[in-house]
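Open the model in your viewer and keep the sequence panel beside it. We will go from stop to stop, selecting a few residues each time.

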Amino acid sequence: MLDFGSQFSQLIARRVREANVYCELVPGTTPWSELEKRHPAGLILSGGPSSVYDPGAPQVDPAALRAGVPLLGICYGMQLIAHHLGGKVDPGHAREYGPALLSVDETNGLPDTLFRGLRGDLPVWMSHGDHVSEMPPGFHRLATSGNSPVAAFTDGKGIFGIQFHPEVVHTPSGREVLRNFLFTVCHCTPSWTPGSFVAEATESIRAQVGGGRVICALSGGVDSAVAATLVHRALGDQLTCVFVNNGLLRKEEPERVLDVMHGNLDMDIRYVDATERFLGALRGVIDPEQKRRIVGREFISVFEAEATSLGHIDFLAQGTLYPDVIESTAPDVASTASKIKTHHNVGGLPPGLRFQLIEPLRYLFKDEVRAVGLELGMPEEMVYRQPFPGPGLAIRCLGEVTAERLEILRNADWVVVDEIKRNGLYRQVWQSFAVLTPLETVGVMGDFRTYANVVAVRVVTSEDAMTADWARVPYEVLARISNRIVNEVKGVNRVVFDITSKPPGTIEWE
Ligand code: XMP
């Protein structure tokens with residue numbers, strides 16, 4: 001897929017992969033000579049914010065349009081095809097944004113490829129200012145819509161353009177349109193499955209590592225657990241995992257991680273309890289950025305010491321995912337995206353550590369990582385865990401991080417997650433957790449005045465953590481969470497619920 005900067009680019013790639021066809025995202029301007037080396041069965045040109053006639057608008061290499069490979073241009077991608085092959089694009093005065101009705105032309109017999117099985121008026125999602133006003137010579141119209149005289153076209157020989165967005169849920173037949181392109185036009189085989197991924201990945205890990213030794217840091221999260229399990233499947237005891245307990249994990253977390261990774265999978269795991277060291281370094285620190293730096297720094301030195309004690313190690317396995325890879329190679333990364341990235345890198349390892357890297361998940365989206373985890377036989381409880389920040393509870397314990405305050409936070413957090421799980425909400429929401437605020441308030445318990453901590457409850461829904469909304473948790477569940485925290489967690493007399501979306505808020509409080 002050639003990415004011209006649409007906010008939906010990753011979504012298109014995910015939709016293609018959901019159809020079990022492998023799809024990679026590359027910058028839209030990648031020359032055909034580069035693309036050719038990957039032997040694509042087809043090319044999808046994404047939408048994008050530009051106008052084809054703008055100076056500096058990203059252009060497709062015309063050689064890619066003439067290579068004889070099937071093409072599907074979406075929105076801006078369609079306009080690029082029109083522009084380069086001799087058609088015209090109107091800088092639209094009639095913008096079309098939101099739902100529209102697509103009328104598929106049934107007269108010229110051609111719809112039987114892209115619109116196979118789809119007839120009449122189809123609800124679609126539009127988001128464009130410009131539109132194709134004149135098709136290139138030899139092209140036929142396949143559909144129209146209210147504001148797009150040509151809402152879909154083809155040359156009848158494998159090149160298609162559509163003005164609407166097939167990847168979003170508001171285009172109910174979008175999945176069919178994409179499937180028609182993949183299977184009827186490109187003749188792809190639906191062979192991208194978790195099983196085939198595991199088979200190929202284990203082969204390539206073996207080829208890369210040979211007889212070398214590999215180290216992997218377990219964080220307790222899904223990504224590092226799946227990466228380690230995959231490497232373990234490929235190499236067995238050539239892999240050693242290091243699991244550092246930084247004292248900032250949730251209640252019973254170290255036991256759970258060890259149980260899954262060690263108990264079920266019989267991995268060689270070095271467990272390091274560095275609680276004292278981390279809490280010592282965090283003593284008196286209130287500034288969240290400083291907390292992050294300290295946790296990151298301490299982690300690196302503990303990990304390095306452990307690695308050194310293992311003798312000669314050649315490779316480091318990491319659970320880097322595809323969205324991170326795309327973000328770091330995208331030409332113009334949005335400022336928020338880059339901020340979140342630095343954010344995430346804190347607590348990671350510095351580049352140039354003396355190991356070679358193995359990143360077996362670097363082409364996977366999160367939902368694919370989960371599917372691979374299940375394929376590898378990992379328990380659902382591990383595979384469907386909610387994300388947890390690298391610096392752990394340090395950034396959810398506002399103010400000073402002490403053993404006593406962490407204990408309060410852990411117990412409150414336990415209640416939140418327990419109630420969310422009991423009420424079947426755990427997998428519906430992105431994250432659910434407690435925050436210990438630096439506030440104390442007055443309360444009354446029994447006949448006594450209390451002066452104790454305020455706990456905030458944060459439950460959010462999100463697709464990718466770039467944006468999020470507060471989850472509309474039923475009042476009864478909130479009531480139970482509040483009641484249980486105040487009763488069960490010593491040192492808390494007030495519970496508040498965070499009703500801020502992101503933006504303007506972030507998910508974590510810090
Ligand atoms: P914010 O608070 O920026 O968080 O809205 C977005 C998502 O990222 C998670 N997060 C982290 N994950 N290392 C991680 O692996 C980190 O340092 C880190 N900081 C935040 C956060 O929990 C949320 O899901």
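This is a predicted model: local features need pLDDT of at least 70, side-chain atom pairs count only at pLDDT 80 or more; totals for chains, interfaces and linings use all residues.

Start by selecting P194, G195, F197 and V198 in helix α6.

Next, show both helices whole. Helix α6 covers residues 194–209, and its axis is 9 Å from that of α13. How are the two helices angled? They pack at about 80°. An angle from 65 to 115 degrees counts as roughly perpendicular, so α6 is roughly perpendicular to α13.

Keep α13 on screen, residues 366–375, and bring in helix α7, residues 222–235. Here the axes are 10 Å apart, and the angle is about 45°. That makes α7 oblique to α13. The crossing of α7 and α13 is left-handed.

Which residues of α7 meet α13? Select V222, D223 and V226. Their partners in α13 are V369, R370, V372 and G373. The contact of α7 with α13 has four nonpolar, one polar and two charged residues.

Now for the core. Nonpolar side chains tend to be buried together in soluble globular proteins. In this model the largest nonpolar core has 133 residues. Select L45, V214, C216, A228, V231 and A412, the members that touch the most others. Which element gives the most to this core? Helix α7 does, with nine residues.

Zoom in on V231. Setting aside residues up to four places away in sequence, V231 touches I205, V214, C216, L239, A317, I358 and P360. Two of these, V214 and C216, are also on the list of core members with the most contacts.

Move to a loop. Select I286, between α9 (275–282) and α10 (288–309). Is I286 buried or exposed? It has 12 C-beta neighbours inside 10 Å, so it counts as exposed. I286 and G399 are 113 residues apart along the chain, yet their C-alpha atoms are separated by 4.7 Å. Apart from its neighbours within four places in sequence, I286 is in contact with G399 and E400.

The last stops concern the backbone. Most residues other than glycine have a negative phi, and most peptide bonds are trans. Look for some exceptions.

Select N20, in the loop between α1 (9–18) and β2 (26–27). Its phi is positive, near 65°, and N20 is not a glycine. N20 has 15 C-beta neighbours inside 10 Å, so it counts as partly exposed.

Go on to A465, in the loop between β18 (448–461) and β19 (469–470). A465 also has a positive phi, about 75°, without being a glycine. With 17 C-beta neighbours inside 10 Å, A465 counts as partly exposed.

Finish in the segment after β20 (492–497), where P503 lies. Select K502 and P503: the peptide bond from K502 to P503 is cis, with omega near -15°. Then step along to P504. What kind of peptide bond joins P503 and P504? It is cis, with omega about 5°.

Technical notes
Residues are numbered from 1 along each chain as its sequence is written. Axes are lines fitted to C-alpha atoms, for helices over the stretch in contact, and angles run from 0 to 180 degrees between N-to-C directions. Helices (H or I, at least four residues) and strands (E, at least two) are DSSP runs, numbered from the N terminus. Angles under 35 degrees count as roughly parallel, over 145 as roughly antiparallel, 65 to 115 as roughly perpendicular and the rest as oblique. A crossing is left-handed if the near helix is turned anticlockwise from the far one by less than a right angle, and right-handed if clockwise. Two residues are in contact if their C-beta atoms, placed from the backbone, lie within 7 Å. Ala, Val, Leu, Ile, Met, Phe, Trp, Tyr, Cys and Pro count as nonpolar, Asp, Glu, Lys and Arg as charged, and the others, Gly among them, as polar. A nonpolar core is a set of buried Ala, Val, Leu, Ile, Met, Phe, Trp, Tyr and Cys residues joined through C-beta atoms within 7 Å. A residue is buried if 20 or more other C-beta atoms lie within 10 Å of its own, exposed if 12 or fewer, and partly exposed in between; C-beta atoms are placed from the backbone.
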